[in-house]
Amino acid sequence: ITHIPPGANGFDGSNFWHPDYTQTFVNEVVKYSSIIKLNIASHTHFNDFKVFYNSSGNPVSYLRIVPSICSNHGNYPSFEIAEVDTANDRVIKETNYYLNLAAA
């Protein structure tokens, strides 16, 4: 779990982290992808995800960026509930609940 996700900031294209730290983090996630079951971040206030690829270009892990219950970034206030298959240690379903401010 991390507050700020690695990679590019979708608002202005800048890097969230120093590029060296981002690459180190990505390398570790790829290296330990067989035992890392879930990566979670927030910070952006939007429902999003990032995919991690190995050196062969195959996806090996992902990072869920969870939304915010606050609407101060132009987003609808929302939250996620994840259902986990504990026998296989994996997320099997995610449900997003949000308040449509335009309709309210």
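**A nonpolar patch and its surroundings**

Modeller: I69, F79, I81 and Y97 make up a nonpolar surface patch of about 420 Å². A patch here is built from residues with over 30% relative accessible area and no salt bridge, nonpolar side chains (Val, Leu, Ile, Met, Phe, Trp, Tyr) being joined within 5 Å and like charges within 9 Å. The areas come from the Shrake-Rupley method with a 1.4 Å probe, and for residues only the protein chains shown count as cover.

The model is predicted, so local features need pLDDT of at least 70 and side-chain atom pairs count only at pLDDT 80 or more, whereas totals for chains, interfaces and linings use all residues. Residues are numbered from 1 along each chain as its sequence is written, and side-chain values use heavy atoms, with hydrogens and water left out.

I81 counts as partly exposed because its relative accessibility is 44%, the classes being buried under 20%, exposed over 50% and partly exposed in between, with a 1.4 Å probe and protein chains only.

The aromatic members of the patch lead on to the ring pairs. Rings of Phe, Tyr and Trp (its six-membered ring) pair if their centres lie within 6.5 Å, and planes under 30 degrees apart count as stacked, over 60 as edge-to-face and the rest as tilted; by this rule there are 4 aromatic pairs. One of them joins Y76 and Y98, which are stacked with 5.7 Å from centre to centre and 10 degrees between the planes. This pair links distant parts of the chain, since Y76 sits in the loop between β3 and β4 and Y98 in strand β5, 22 residues apart. Y76 is partly exposed at 36% relative accessibility, while Y98, with a relative accessible area of 51%, is exposed. The rings of F79 and Y97 are also stacked, because their centres are 5.4 Å apart and their planes stand at 25 degrees. F79 is in strand β4 and Y97 in strand β5, so this pair ties together parts that are 18 residues apart in sequence. F79 has a relative accessible area of 40% and is therefore partly exposed, and Y97 is likewise partly exposed at 41%.

A salt bridge is a side-chain nitrogen of Lys or Arg within 4 Å of a carboxyl oxygen of Asp or Glu, and a search of the whole structure finds 2 of them. In one, E80 pairs with R64, the closest N and O atoms being 3.4 Å apart. Because E80 lies in strand β4 (residues 78–85) and R64 in strand β3 (residues 59–65), this bridge ties together parts that are 16 residues apart in sequence. E80 is partly exposed at 21% relative accessibility, whereas R64, at 8%, is buried. R64 also forms a salt bridge with E94, with 2.5 Å between the closest N and O atoms. Here too distant parts of the chain are linked, E94 being in strand β5 (residues 90–98) and R64 in strand β3, 30 residues apart. E94 counts as partly exposed at 35% relative accessibility.

Conventions:
Helices (H or I, at least four residues) and strands (E, at least two) are DSSP runs, numbered from the N terminus.
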